[in-house]
Amino acid sequence: MTYLTRLVFGAASLVLLLAAAALVGFGVKDALHGIGRPDHSGADAVLDVLGYVIVAIAVFDVAKYIFEDEVRRGSERRSASEARRSLTKFLSTIVIALFLEALVVVFKTAREDVALLVYPTALLIAAVLVLVGLGAFQRFSASVEEKVGDDDEAEERKDAVKRRARPAAKS
């Protein structure tokens, strides 16, 4: 079952990686077509490419996260601090992508219809809320790690001893 799970997660991360590459390709293609049209400004084309690339980076990071945490590591136990760092890195990339996308949408909307700035503002507020949630998660998990950190380290030492004993037993 472990190999099947790794295969499914590996295939999913590959599909996400290909989708991210396709987003960049479509963004560049649309920009090249947009620059050549007289009714479409070059600045709009560049903003469109930025939007595609930002979403592609977020999708690529999700693919990387799935591959590293589910395919490479599998069901291997991790310490609480390692899980916190991994999740923080992942969410930080998503928050940055949200902020950049919101800024791109603000610029595009401000050029077209200022009355529609409510939607990019809501996106900015959502990004801020995710960032605040990430900060709260960091704070709470760090305080829990202080309380149970010794237990995690003792478990890791036991697991390391078991892993070293397995190859010796097979010989």
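**Overall fold and two sites in the predicted chain**

The protein chain contains four helices and zero strands (DSSP runs numbered from the N terminus; helices are H or I with at least four residues, strands E with at least two). Along the sequence the pattern reads α-α-α-α. The model is predicted: local features need pLDDT of at least 70, side-chain atom pairs count only at pLDDT 80 or more, and totals for chains, interfaces and linings use all residues. Residues are numbered from 1 along each chain as its sequence is written, and side-chain values use heavy atoms, with hydrogens and water left out.

Of the 171 residues in the protein chain, 23% are buried (under 20% relative accessible area; exposed is over 50%, partly exposed in between; 1.4 Å probe, protein chains only). The chain exposes about 11,400 Å² (Shrake-Rupley method, 1.4 Å probe; for residues, only the protein chains shown count as cover). Carbon and sulfur atoms supply 68% of that area. Among contacts (heavy atoms within 4.5 Å) with a separation of 6 or more, 75% join residues 24 or more positions apart.

Alanine 63 illustrates a buried site. Alanine 63 lies in helix H2, residues 42-72. Its relative accessible area is 4%, so alanine 63 counts as buried. Neighbours within four places in sequence aside, alanine 63 contacts Ser13, Leu16 and Leu17. Serine 13 is 50 residues from alanine 63 in sequence, yet the C-alpha to C-alpha distance is 4.4 Å.

Leucine 7 belongs to helix H1, residues 2-36. Leucine 7 is exposed because its relative accessibility is 59%.
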